[in-house]
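Visitor: Hi, could you walk me through this structure? I'm new to reading these.
Guide: Happy to, let's look together.

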Amino acid sequence: MSRPTARVLTLLELLQSGGTRTVAELAERLGVEGRTVRRYVDQLIDLDVPVESVRGRYGGYRLAPGYRLPPLMFSDDEALAVLLGLVAGRRTGLTTTQHTASETASAKIRRVLPKHIARRLDTLLESLAFTEQPGEFTTPDAGILLTLADAVRHRRPVSIRYTDRDARPSERTLHAYGIVAHGGRWYVTGQDARIGEYRTFRLDRIADARTLPGSFEAPAGPGPAQRLLSAFATAEYRHEVTLRIHGTVEQIRTHLPVTVASLEVHEPEPAAGQDRATERWLRVELRAERLDWLPPVLAALDRPFVIERPDELRDLVTAFADRLASYARRP
C-alpha cells in the first residue's frame with residue numbers, strides 16, 4: 001500500500017473516531033501540510049465518503065451524521081485491546097451481554113484481521129490464563145505481550161529486561177510457561193534459566209522482550225494460574241504466621257483467600273457431638289509485611305482459632321480485643 005493511500009485511510013480512521021478535527025490537527029497526525037490534508041479529503045469525497053467542512057474559528061472536517069462505516073480496520077494494538085477486553089470480560093463475568101454475543105463479536109473481529117495479526121492474537125489467547133479474582137486491568141505493552149505469548153506457545157526462551165519492586169534492573173533469560181491476568185495486573189510465569197528456579201514477573205516491569213534461539217520442555221504439574229497463586233501465598237515477607245482455625249474451608253476463604261494463605265487439614269480428636277463433615281480444624285499459613293490487619297480479619301471470621309506463631313500477633317489480638325471491649329462499655 002502506497003504511503004499517500006495509507007494516509008488517506010488513516011485520515012478516515014481519525015474522522016471515524018468522532019467530532020470535528022481541525023486541519024492543523026489532521027496535518028500533525030498525518031505528518032503532512034494543510035493543503036495535503038485538503039487533497040486527501042477530496043479523495044475521500046470522490047469515494048462517496050460524506051466528509052463535511054465546518055467553518056469558523058474551531059472549524060475543520062467531520063463525517064456526516066448517520067454515515068455507515070466501512071469494514072473495520074485495526075492496528076495490532078487496537079485489535080489486541082478489543083479482543084482482550086472481550087475475553088477478560090467473559091472470563092471474569094464483567095460483561096453485561098450474553099456469552100454468544102461476545103463470541104460472535106470476537107469472530108467478526110478475527111475475520112477482518114490480516115492473517116499474521118490473527119495468528120499472533122490466537123497464540124496469545126491460547127497462552128492466557130485468568131484467576132478468579134477480577135479487576136480493572138492495567139494496559140500491557142502489546143509488543144511485549146505478543147512476544148511472550150509466542151514464546152509460551154512455541155516453548156522458546158525469551159530475554160527480558162526487568163525492574164524489580166526495589167527498582168533494581170536486570171536482564172534475564174526466561175522459559176515462559178504462561179501469561180496470567182490477576183487482580184488488575186498481567187504476569188508471565190516461568191523458569192529463570194540462570195538460577196533454574198520458578199519465577200513470576202509483572203509485565204508492566206518488563207522494558208523489553210526478545211525471543212532467543214532454542215527450545216525447552218514445560219514441566220508437568222499445576223497450570224500457570226495456580227502457580228501464580230501459590231507464589232503469592234508463599235512469597236517471602238517479614239512475618240510468617242501459622243494459625244489453627246476451626247471452621248469450613250468456605251468460611252475461612254471468605255476472609256483469607258488463596259492469594260493470601262494456604263490451608264491444610266489439622267484434625268485432633270473431635271469433641272463430643274462435633275460434626276467433622278462440616279467443620280474441622282484447619283492449619284492456616286501465610287506471610288505478611290505487617291500484622292496489624294490480621295486481628296480484625298480473625299474477629300470477622302468469628303471462628304475459634306489458635307495462634308501458633310508469632311507471639312507478636314497474639315499481643316496484637318489481645319490489644320484489639322481490649323479496644324473492642326472498651327468501646328462496648330462506653331455509655
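**An aromatic cluster and its surroundings**

Guide: Let's start with Tyr177, Tyr198 and Phe216, which ring pairs link into a cluster. Rings of Phe, Tyr and Trp (its six-membered ring) pair if their centres lie within 6.5 Å; planes under 30 degrees apart count as stacked, over 60 as edge-to-face and the rest as tilted. Please keep in mind that this is a predicted model: local features need pLDDT of at least 70, side-chain atom pairs count only at pLDDT 80 or more, while totals for chains, interfaces and linings use all residues. Residues are numbered from 1 along each chain as its sequence is written, and side-chain values use heavy atoms, with hydrogens and water left out.

Visitor: How many aromatic pairs are there by that rule?
Guide: The count comes to three aromatic pairs. In one of them, the rings of Tyr177 and Tyr198 have centres 6.3 Å apart and planes at 25°, so this pair is stacked. Tyr177 lies in strand E5 and Tyr198 in strand E7 (residues 197-202), so the pair ties together parts 21 residues apart in sequence. Helices (H or I, at least four residues) and strands (E, at least two) are DSSP runs, numbered from the N terminus.

Visitor: And Tyr177, is that buried or exposed?
Guide: Tyr177 counts as buried, because its relative accessibility is 13%. Buried means under 20% relative accessible area, exposed over 50%, and partly exposed in between (1.4 Å probe, protein chains only). Tyr198, at 24%, counts as partly exposed.

Visitor: What about Tyr177 and Phe216?
Guide: Those two form a tilted pair, 6.2 Å centre to centre with 50° between the planes. Phe216 is in the loop between strand E8 (206-211) and helix H8 (224-233), and the two partners are 39 residues apart. Phe216 counts as buried, at 8% relative accessibility.

Visitor: Which strands does E5 pair with?
Guide: Strand E4 (residues 158-163) is joined to E5 (residues 169-182) by six bridges, and they run antiparallel. E5 also pairs with strand E6 (residues 185-192), in the antiparallel sense over eight bridges. Two strands pair if DSSP finds at least two bridges between them. Ile160 stands opposite Arg172 in E5, and Leu174 has Asp192 in E6 as its bridge partner.

Visitor: New topic! What order do the strands take in the open sheet of four?
Guide: The order is E10-E11-E9-E12, with antiparallel pairing. E10 and strand E12 (305-309) stand at the edges, each with a single partner strand, so one side of each is left without a neighbour in the sheet. The twist averages 25° from one strand to the next. Axes are lines fitted to C-alpha atoms, for helices over the stretch in contact, and angles run from 0 to 180 degrees between N-to-C directions.

Visitor: Which helix packs on that sheet?
Guide: Helix H10 (residues 294-301) does, touching E9, E11 and E12, and its direction makes about 10° with that of E9. Contact here means heavy atoms within 4.5 Å. Helix H11 (residues 311-329) lies across E9 and E12, running at about 140° to E12.

Visitor: What does Arg244 do around there?
Guide: Arg244 has Val306 in E12 as its bridge partner. The charged end of Arg244 sits over the ring of Trp281, 5.9 Å from its centre. For that label, NZ of Lys or CZ of Arg must be within 6 Å of the ring centre and within 35 degrees of the ring normal.
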